[in-house]
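This briefing covers salt bridges, a surface patch, a pocket and one backbone angle. Please look at the sequence and the model first.

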Amino acid sequence: MNTATADTASTTTTDQPAARQLRRSTDDKMLAGVAGGIARYLDVDVTLVRVIIAALALLNGVGLALYVAAWLLIPEDGADQSLAAAWIAGGQNRPR
């Protein structure tokens with residue numbers, strides 16, 4: 001039985017960038033900051049994201065549904081949880 005092990009897992013690198021988080025923008029927003037947050041996350045122009053959302057909303061309505069879902073599920077800059085998570089957590093604290 002070979003008891004020699006390589007200690008390669010203990011090396012750490014600090015060259016990796018911090019993980020990006022998808023957050024609704026508080027600076028670049030027209031309604032809820034969804035497009036601004038998605039644009040910042042994808043590193044694209046916010047106008048492109050807004051045009052895609054508007055086109056999806058006009059073509060079949062799915063853009064509106066996705067926007068509302070993102071509004072509820074993506075936390076805002078500086079917030080710990082999304083609106084939906086806060087609403088669910090608030091409902092669990094109420095007496096029955």
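Lysine 29 is partly exposed at 41% relative accessibility (buried is under 20% relative accessible area, exposed over 50%, partly exposed in between, with a 1.4 Å probe and protein chains only). The model is predicted: local features need pLDDT of at least 70, side-chain atom pairs count only at pLDDT 80 or more, and totals for chains, interfaces and linings use all residues. Residues are numbered from 1 along each chain as its sequence is written, and side-chain values use heavy atoms, with hydrogens and water left out.

**Salt bridges**

- Side chains of opposite charge can pair when their charged atoms come close.
- Three salt bridges are found in a search of the whole structure (a side-chain nitrogen of Lys or Arg within 4 Å of a carboxyl oxygen of Asp or Glu).
- Glutamate 76 pairs with lysine 29 in a salt bridge, with the closest N and O atoms 3.7 Å apart. Glutamate 76 sits in the loop between α3 and α4 (83–92) and lysine 29 in the segment before α1, so this pair ties together parts 47 residues apart in sequence. Helices here are DSSP runs of H or I with at least four residues, and strands are runs of E with at least two, numbered from the N terminus.
- Glutamate 76 is partly exposed, at a relative accessible area of 25%.
- Aspartate 77 forms a salt bridge with arginine 40, and the closest N and O atoms are 2.9 Å apart. Because aspartate 77 lies in the loop between α3 and α4 and arginine 40 in helix α1, the pair ties together parts that are 37 residues apart in sequence.
- Aspartate 77 is partly exposed at 25% relative accessibility, and arginine 40 is partly exposed at 41%.
- Aspartate 28 forms a salt bridge with arginine 50, with 3.4 Å between the closest N and O atoms. The former is in the segment before α1 and the latter in helix α2, so parts 22 residues apart in sequence are tied together.
- Aspartate 28 has a relative accessible area of 34% and is partly exposed; arginine 50, at 24%, is also partly exposed.

**Nonpolar surface patch**

- Leu22, Tyr41, Leu42, Val44, Leu48, Ile52, Leu56, Val62 and Leu66 make a nonpolar surface patch of about 710 Å². Patches are made of residues with over 30% relative accessible area and no salt bridge, with like charges joined within 9 Å and nonpolar side chains (Val, Leu, Ile, Met, Phe, Trp, Tyr) within 5 Å; areas come from the Shrake-Rupley method with a 1.4 Å probe, and for residues only the protein chains shown count as cover.
- At least two patch residues come from each of α1 (34–42), α2 (46–59) and α3 (62–73), and α2 has the largest share, with three.
- Leucine 22 is placed in the segment before α1 and is partly exposed, with a relative accessible area of 33%.

**Largest pocket**

- The largest pocket holds about 190 Å³ of space. A pocket is an open set of points on a 1 Å grid over the protein atoms alone, where a 1.4 Å probe fits, with protein on both sides within 12 Å along at least five of seven lines; lining residues have an atom within 4 Å of a point.
- Its lining has 13 residues, and the closest to the centre are Ile38, Val49, Ile52, Ile53 and Leu56.
- α2 gives the most to this lining, with five residues.

**Backbone angle**

- Aspartate 43 has a positive phi of about 60° although it is not a glycine.
- Aspartate 43 is in the loop between α1 and α2 and is exposed at 67% relative accessibility.

Technical notes:
Points joined across faces, edges and corners; volume = space filled by probe spheres on them.
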